[in-house]
Amino acid sequence: MNTIVRELRIIKSYIRLSYKNYIQFPLDFLMNFVMVLFDVIGVVLFWWSLAELNISLVGWTNEELLVFVGFSVFSEAVSKILFGFRDLEYFILDGSFDKFLIRPINPIKTMLLEKLNIFAIVCKTILAIGIFLVVGFFTSLKLQNEWMAVLTLIAGTLAYELLYGTFSLLAFWFGKIYYARNLVFSFRSIRKYPLDIFSAPIKNIFTFIIPLAFIATIPTNIILGRLQYPTIYFILSVVLFLIAYTLFNYVLKRALAKYESTGS
């Protein structure tokens, strides 16, 4: 119990620091909000433009696509929790990763908390909720299994980000991996589109190997009642998360043992 309380206090402290960093510069705070808002508006306008051109996706109505956009935005909020993986290689290359090793908590956890963008997380979560409120009050869609859909999204998103983090750990061995990492994960933009539109082989790859389908497509299908056995997909998302978490921790232990604090 004391350990949980301690962890919560540490997280609370870093959230407070993240908040203070943003309000310290009002213009930057405003621009961050505008950037997040424009990002969401851009996605909505993209699908709205297709609708205006009478271009539709097979099996998806415009109202259902709005639900998909809501989940897509919320998945981005969840992704921001592990945003710090992006900068891991730079900390290793310049030797500044040492500062995380001298602190009394897990160095990767410290790094992620220090890079936590609480503002983006809160903004995108609020925007996602706003989209779902629009769906609930202004469309004829009947939503179901809401919590199962949300938990499936969270597990799937964290599984994907942990795979990204595992690849980022290769910087402990190879140093600069920015371009290789971006090349390998260049398909992450696919998560902005319902994977049901792709052929079965591609859909299976992005479901069982790279869990992109669990980020927005499957949660949307769950909440719309389009899946016959939604519980199976929820369990599968949790299993994928546990596998990704186990793999990450295994590679992390080897990576920390490899690190020689030389910045090279």
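Is S189 buried, exposed or partly exposed? At 40% relative accessibility, S189 counts as partly exposed. Buried means under 20% relative accessible area, exposed over 50%, and partly exposed in between (1.4 Å probe, protein chains only).

## Model and conventions

This is a predicted model: local features need pLDDT of at least 70, side-chain atom pairs count only at pLDDT 80 or more, and totals for chains, interfaces and linings use all residues. Residues are numbered from 1 along each chain as its sequence is written, and side-chain values use heavy atoms, with hydrogens and water left out.

## Overall fold

The chain has 13 helices and 0 strands. Helices are DSSP runs (H or I, at least four residues), as are strands (E, at least two), numbered from the N terminus.

Of the 264 residues in the chain, 43% are buried. Take contacts (heavy atoms within 4.5 Å) between residues at least 6 apart in sequence: 79% join residues at least 24 apart.

## Around S189

S189 sits in the loop between α10 (178-184) and α11 (200-209).

## Surface

The accessible surface is about 14500 Å² (Shrake-Rupley method, 1.4 Å probe; for residues, only the protein chains shown count as cover). Carbon and sulfur atoms hold 68% of that surface.

Helix α7 (residues 118-138) contains L133. At 46% relative accessibility, L133 counts as partly exposed.
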